[in-house]
Number of protein chains: 2
Amino acid sequence: MDFSSKLLENAVNEMSQFPGIGKRTALRLVLHLLKQPEDHTQSLSNSLVNLRNKINFCQNCHNISDTTLCEICANPNRDRQVICVVEDIRDVMAIEGTGQYRGQYHVLGGKISPMEGVGPSELTIKPLIEKVRSGNVKELIFALSSTLEGDTTNFYIFKQLDGIQIITSTIARGISVGDELEYADEVTLGRSILNRIPFESSLKSS
Amino acid sequence: MDFSSKLLENAVNEMSQFPGIGKRTALRLVLHLLKQPEDHTQSLSNSLVNLRNKINFCQNCHNISDTTLCEICANPNRDRQVICVVEDIRDVMAIEGTGQYRGQYHVLGGKISPMEGVGPSELTIKPLIEKVRSGNVKELIFALSSTLEGDTTNFYIFKQLDGIQIITSTIARGISVGDELEYADEVTLGRSILNRIPFESSLKSS
């Protein structure tokens, strides 16, 4: 792309560093800013820099939080003996959105991925094991996405728990509620048959 | 969406004001920034604010330019008697990319759109008419998109030229080079038959 302005080129280059945003989209976004008042760009810029510089993570679950303990960890009504292990804040938001979970979370901050240079030490696995070792945790629920990286991470944590008395579980994989069987992929359908549950339980949860 | 952090919420809200970026995408982009070093966010922010505050437009064609006259207008080899009327810088870049045009441009900065509150006075139509009235322009090429707004804008400018001796033309609409006829839409195919050109000309341009 051949820009008539260095300022424009810089802005487009910076914007196109976001994942999934190419040069064309970046140009469209930047031109949108130019049609808005100047203070619009200023406030966008301030909010991003503010977030980046003042970002804070909950001491207990490592989720993004403005306070030392996040709302969920500080809530006395949440079950501290059950911990759901997730990748990032989006998973916490998704599970909270269901209203079905009353335990706490542990945010890993990613998945083990040698391809992307993410090893166990980049994630918050150590504090998780320490939390479990302290003896107050009864159950660990793995809720990572079922990819190679997700499975590797699950297994790595599982191995670290060797010798510790704790229940580990993983969220159920199966056909989405409301989905037609004929359109489901074979792996998911296969798992949902292998891991079938008593009919009575399905009545309870619906 | 229920965020655990006000800082994060602000950043996501600001990012989701871009056209085509919803809350989920905004969250994904913002979380990406958090995984990058702090100076990455700082330089993104600087480049956007810099562009917005220091933005300059070419005195002659109103394209975005860091100098008083843009490169194209300052180039003595470009034909000043032919002016291509376009909506914004993206169209200039697209036409320049073809390498087929040696005239100058006039960037309107948008199209007349009562729905979006854009009237003729918001665009650079007045300086265009003045430029034409000065007598040094031989041909005006309309290259706006062929939408209701584009056609309205073309027609408005055409009306303003009343009584001025000038050739006006519009870029050819037709089947894309390499396209199969059977997949072309009816309006385009119809126009390409009505506006057919001598076979000899098609040999020259390929």
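Across the interface of chain B and chain A, 18 residue pairs are in polar contact, both residues at pLDDT 80 or more. A polar contact is a pair of N or O atoms within 3.5 Å; within protein, one must be able to donate a hydrogen and the other to accept it, and residues adjacent in sequence count only if both atoms are side-chain atoms. Across that interface there are zero salt bridges. A salt bridge here is a side-chain nitrogen of Lys or Arg within 4 Å of a carboxyl oxygen of Asp or Glu.

This is a predicted model: local features need pLDDT of at least 70, side-chain atom pairs count only at pLDDT 80 or more, and totals for chains, interfaces and linings use all residues. Residues are numbered from 1 along each chain as its sequence is written, chains are lettered from A and ligands numbered from 1 in the order in which they are written, and side-chain values use heavy atoms, leaving out hydrogens and water.

**Interface**
- Chain B puts 52 residues into the contact, and chain A puts in 52 residues (contact means heavy atoms within 4.5 Å).
- The buried area between chain B and chain A is about 5100 Å², with 68% from carbon and sulfur atoms (accessible area, 1.4 Å probe, that two parts lose on being put together, summed over both).
- In chain B, Leu7(B), Leu51(B) and Arg52(B) lose the most area to chain A, together 13% of what that side buries.
- Four helices of chain B each supply at least two residues of the side that touches chain A: H1 (6–15), H2 (23–35), H3 (38–54) and H5 (89–98) (helices are DSSP runs of H or I, at least four residues; strands are runs of E, at least two; both are numbered from the N terminus).
- H3(B) gives the largest share of that side, 15 residues.

**Symmetry**
- Chain B superposes on chain A by a rotation of 180 degrees with 0.0 Å of shift along its axis (RMSD 0.0 Å), fitted by least squares on the C-alpha atoms of residues with pLDDT of at least 70 in both.
- The two copies are thus related as by a two-fold rotation axis.
- Ser45(B) has the C-alpha nearest the axis in chain B, 2.4 Å from it.
- The copies meet through the same surface, because 100% of the interface residues of chain B are also interface residues in chain A.

**Salt bridges**
- The whole structure holds eight salt bridges over all chains.
- Glu87(A) pairs with Lys111(A) in a salt bridge, the closest N and O atoms being 3.5 Å apart.
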